[in-house]
Amino acid sequence: MEQLEEVLDPRLIKLDLQANSKRDAIIQLSELLKAADYINDVPAFVKDIYLREKEGITGIGDGIAIPHGKSNYVTKVGVAIGILNTPVTWETLDGKDVNIVILFAVSNNTESARNQLKLLSLFAAQLGHDAVVQHLKHATTPEDVIAAFTQKEGSER
């Protein structure tokens, strides 16, 4: 698992996500993961995500949260992305609400844990670019979201 292209699945990207809370956003994205066969149990997976949430803040600022956690209910590593139509309250580094949620589904085995760290660092690196964040905030299709993460700085595709 080297490239973001390999984990960005248009079926796992929901624009205009209508969530009224952090939990609601996580559940809706978990349901996308289940529908696409990335996880096999939504309530149990959500419980595992919340176990990780207790360990530290997943709201990284600029309206973005990256909830994640290892779970035995993950059948395939994946990333569900929701762009909310109305920001929700979330524990964040900058104290602001969140309107982009990037939910990582990673299984509990050791190789998967390594993949999770790699995935998180790849996404974090991209989210460090203002252009990527702006592109995400203005995305109108799942393809726009994928393009935000996969376009190289200053290159045309």
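The following questions and answers explain how terms are applied to this predicted model.

This is a predicted model, in which local features need pLDDT of at least 70 and side-chain atom pairs count only at pLDDT 80 or more, while totals for chains, interfaces and linings use all residues. Residues are numbered from 1 along each chain as its sequence is written, and side-chain values use heavy atoms, with hydrogens and water left out.

Q: Why is lysine 22 called buried?
A: Buried means under 20% relative accessible area, exposed means over 50%, and partly exposed lies in between (1.4 Å probe, protein chains only). Lysine 22 has a relative accessible area of 10%, and therefore counts as buried.

Q: What places lysine 22 in a helix?
A: Helices (H or I, at least four residues) and strands (E, at least two) are DSSP runs, numbered from the N terminus. Lysine 22 belongs to helix H1, which covers residues 22-35.

Q: What makes the pairing of lysine 22 with glutamate 53 a salt bridge?
A: A salt bridge requires a side-chain nitrogen of Lys or Arg within 4 Å of a carboxyl oxygen of Asp or Glu. The closest N and O atoms of lysine 22 and glutamate 53 are 2.6 Å apart, and the pair forms a salt bridge. This pair links distant parts of the chain, with lysine 22 in helix H1 and glutamate 53 in helix H2, 31 residues apart. Both lysine 22 and glutamate 53 are buried.

Q: Why is the pair of lysine 22 and glutamate 91 also called a salt bridge?
A: The closest N and O atoms of lysine 22 and glutamate 91 are 2.4 Å apart, and the limit is 4 Å. This pair also links distant parts of the chain: lysine 22 lies in helix H1, and glutamate 91 in the loop between strand E5 (78-88) and strand E6 (98-107), 69 residues apart. Glutamate 91 has a relative accessible area of 43%, and so counts as partly exposed. Side chains of opposite charge can pair when their charged atoms come close.

Q: Which residues does lysine 22 touch, not counting residues up to four places away in sequence?
A: Contact means heavy atoms within 4.5 Å. On this basis, lysine 22 touches Tyr50, Glu53, Val88, Thr89, Trp90 and Glu91.

Q: What makes arginine 11 and aspartate 9 a salt bridge, and how many salt bridges does the structure hold?
A: The N to O distance between the side chains of arginine 11 and aspartate 9 is 2.7 Å, and they meet in a salt bridge. Arginine 11 counts as partly exposed because its relative accessibility is 48%, whereas aspartate 9 is buried because its relative accessible area is 10%. The structure holds four salt bridges.

Q: What makes a set of residues a nonpolar core, and which residues have the most contacts inside the largest one?
A: A nonpolar core is a set of buried Ala, Val, Leu, Ile, Met, Phe, Trp, Tyr and Cys residues joined through side-chain atoms within 4.5 Å. The largest such core has 27 residues, and those with the most contacts inside it are Ile102, Phe104, Phe123, Val145 and Phe149. Strand E1 (13-17), E5, E6, H3, helix H4 (130-137) and helix H5 (142-150) each supply at least two residues of this core. A second, separate core of 24 residues includes Leu29, Val42, Val46 and Ala105. In soluble globular proteins, nonpolar side chains tend to be buried together.

Q: Which residues is valine 145 in contact with, leaving aside its neighbours within four places in sequence?
A: Valine 145 is in contact with Ile13, Leu15, Ile81, Ile83, Leu136 and Ala139.

Q: Why is isoleucine 57 called partly exposed?
A: Its relative accessible area is 45%, and therefore isoleucine 57 is partly exposed. Isoleucine 57 is located in the loop between helix H2 (42-53) and strand E2 (59-61).
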